[in-house]
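Walk through this model with me, one region at a time. Start at a loop, move to the helices around it, then cross to the other chains.

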Amino acid sequence: MDEQRTAEAGKGRSAEPSGGEDDLLQELVAYLRDQRTELREEWAQRISDAELLQVMSDEEIFSEATEVYDNYVDALETGSIENLQAYARELSERIIPRGVETDEVLGIVLLLRDVLARSLFARYQEDLGLLNRILDSYEPAANRIAVTVGVSFVEERERVIHDQQEAIRELSTPVLQVRDRLLILPIIGVLDTARARQLTEQLLGSIRDNRATVVVIDITGVATIDRTVANHLVQTVEASRLMGASTILTGLSPDIAQTLVDLGVDLGMMKTVGDLQGGLEEAERLAGYRAGDADDAETS
Amino acid sequence: MADEVRVRIDSDADLVTARAQARAMAERVGFPRPDPTLIATAISEIARNIIAHAGQGEIVLEPFEDGNRFGIVVTAVDHGPGIRDVEAAMRDDVSGRGGLGLGLPGARRLMDDFELRSDSETGTTVTMRKWRYRDELARLREERSRRA
Amino acid sequence: MSVAILRQGDVLIASVQSDLSDTQVLELRHELAVLVGRHRARGIVIDVSALDVIDSFVTRALRAIVLTARLRGADTIIVGIAPDVAIAMVQFRLNLEPLRVALDLDEALAMLDHRGRRDTEDGR
């Protein structure tokens, strides 16, 4: 851990010749292992006082705390991040489904850092020079541990969220055939580029499979879309036109309408209607179910 | 250079081959739809350019992996007279047909990376790439940072 | 045979069978021009569902067919553009004026009938 020593101004080290950096590290690690029971309990108490990990029982907290403590001290000793990352990821996998949040994980790691630091203060307070050197060893290592655990947790959480989104995506976006040659595609929720792409595939495939000449895409359930997705939506409408189907967009929020305008989309060309009901009526007219002027599907 | 596919471009029948090979490799490499069609279309344009302006040349298709990304690199080479005004060639004209009718801006729009080098001595080389994230998580991150 | 051309009344139906080389595209163009005149066709339907790729050359040829046919009093409708092909054409920003499309043959014939009965103000 020698290389981790930061040369911070104001640390003020006395010329203590007792032992090199490695020896110091070994010493503090040995001390932390020796104090394991007391420090772990103090930490658990602090966690409870801070009202963290409330979704877990005392026994669970104790058992996890033991493992975290041991891994923490191991990481201090070896400087190995890989083991710690693996452990942190595995821990995250366990506690994320329980509902543990990011701030809690960061909170408890920082509490452990503080508990250990305080105990080092207590032990070495007689010798400020030595204390400073001990802290020079401890602090960078402890901070790196905090970052590693935090990042691992966050990444694991992102993975879980992503998996959930995938699952939802697959279930959602039904295509409804309401009449012969008329399809409705109701979209609810977040419309990102992945979903937009899937939507396009589904829509165009449905047009072909169901021989639809009119499609109503209802985005009442979508609050906002970014420019890329908006662009994608426009291209989808144009592509469906090339297949011989007309597309009507209904339920545009003011926000989305603005995004489309900003993109330079000619909303006149795009056939948007306020609400789904109006859209359906227009669609039926287009599909020839109602009296009224039906345009032929043109490419422009 | 394993997995590389070379298609000689001599006559317009070779365009059919080039399109088919491009599609086959794109599907083999794992591109989701509609990417194989986009790639084949871009290659069709570039290959036709070779015939129209140089008479003959070659297209090389090669899969690639780059950390979190996988994709295809297309290199189209001819030793013809070169494109004199590259800028004009890459510009869309008003009718939307692509500058000088070369279809280059269109091909660029279908691909992710596009590079054109041309001079009267060595000819023209077009290098295009299309790629996807192997890890969906990386794609999610990229999307998030783009939104920020 | 790369393109099968049938006649249904006064409508020509051209079915592309496979990916076409540029030469074959030009042959199709020529063939249709001849046949429209010979049979005084009032409509052409071109089925491109077998085309995996529609690029600028094919698009230009289709446009030429439409214009030539119109000079001889026939409307042209393209059917069978596949989903992926449609996406590629849109992304490419291929200019498709004055092409007209329909979902399939039935729709196309209905459109030709419909237009045939309407007073035509102009070719569009």
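A:Glu51 lies in the loop between helix H2 (36-49) and helix H3 (58-78) of chain A. Helices here are DSSP runs of H or I with at least four residues, strands are runs of E with at least two, and both are numbered from the N terminus. A:Glu51 has a positive phi of about 60°, although it is not a glycine. The residue is exposed, with 9 other C-beta atoms within 10 Å. The scale is simple: buried takes 20 or more other C-beta atoms within 10 Å of the residue's own, exposed takes 12 or fewer, and partly exposed falls in between, with C-beta atoms placed from the backbone.

Some ground rules apply. This is a predicted model, in which local features need pLDDT of at least 70, side-chain atom pairs count only at pLDDT 80 or more, and totals for chains, interfaces and linings use all residues. Residues are numbered from 1 along each chain as its sequence is written, while chains are lettered from A and ligands numbered from 1 in the order in which they are written.

H2(A) and H3(A) pack at an angle of about 125°, with their axes 10 Å apart. Axes are lines fitted to C-alpha atoms, for helices over the stretch in contact, and angles run from 0 to 180 degrees between N-to-C directions. H2(A) and H3(A) are therefore oblique to each other. Under 35 degrees counts as roughly parallel, over 145 as roughly antiparallel, 65 to 115 as roughly perpendicular, and the rest as oblique. The crossing of H2(A) and H3(A) is right-handed.

Which residues of H2(A) and H3(A) make the contact? H2(A) brings A:Arg36, A:Arg40, A:Trp43, A:Ala44 and A:Ile47, and H3(A) brings A:Ile61, A:Phe62, A:Ala65, A:Thr66 and A:Tyr69. Two residues are in contact if their C-beta atoms, placed from the backbone, lie within 7 Å. By class, the contact of H2(A) with H3(A) has seven nonpolar, one polar and two charged residues. Nonpolar means Ala, Val, Leu, Ile, Met, Phe, Trp, Tyr, Cys and Pro; charged means Asp, Glu, Lys and Arg; the others, Gly among them, are polar.

Step back to chain A as a whole. It has 11 helices and five strands. Buried residues make up 33% of its 300 residues. Among contacts in chain A between residues at least 6 apart in sequence, 80% join residues at least 24 apart. Strand S1 (residues 176-179) and strand S2 (residues 182-188) of chain A run antiparallel, joined by three bridges. Strands pair if DSSP finds at least two bridges between them. A:Gln177 stands opposite A:Leu183 in S2(A). The hairpin of S1(A) and S2(A) has two residues between the strands, and A:Arg181 takes a positive phi near 70° there.

Chain A also reaches chain C. Helix H8 (residues 227-242) of chain A and H3(C) pack at an angle of about 125°, with their axes 8 Å apart. H8(A) and H3(C) are therefore oblique to each other, and their crossing is right-handed. In H8(A), A:Gln235, A:Glu238, A:Ala239 and A:Leu242 meet C:Ala86, C:Ile87, C:Met89, C:Val90 and C:Gln91 in H3(C). The residues of this contact divide into six nonpolar, two polar and one charged.

Next, chain C itself. An open sheet of five strands has the order S1-S2-S3-S4-S5, with mixed pairing. Its edge strands are S1 (3-8) and S5 (101-102), each pairing on one side only. S1(C) runs antiparallel to strand S2 (residues 11-16) of chain C, joined by six bridges. C:Ala4 stands opposite C:Ser15 in S2(C). H1(C) lies across S1, S2 and S3 of chain C, running at about 160° to S2(C). C:Arg40 lies in the loop between H1 and strand S3 (43-47) of chain C. C:Arg40 has a positive phi of about 45°, although it is not a glycine. With 10 C-beta neighbours inside 10 Å, C:Arg40 counts as exposed.

Finally, chain B. Here 18 residues of chain C are in contact with 23 residues of chain B. Helix H1 (22-39), helix H2 (56-71) and helix H3 (83-92) of chain C are the elements that give two or more residues to the side touching chain B. H3(C) gives the most, with six residues. This side of chain C divides into seven nonpolar, five polar and six charged residues. Within chain B, the peptide bond from B:Arg33 to B:Pro34 is cis, with omega near 5°. B:Pro34 is found in the loop between helix H1 (13-29) and helix H2 (35-54) of chain B.

Notes:
Left-handed = near helix turned anticlockwise from the far one by under 90°.
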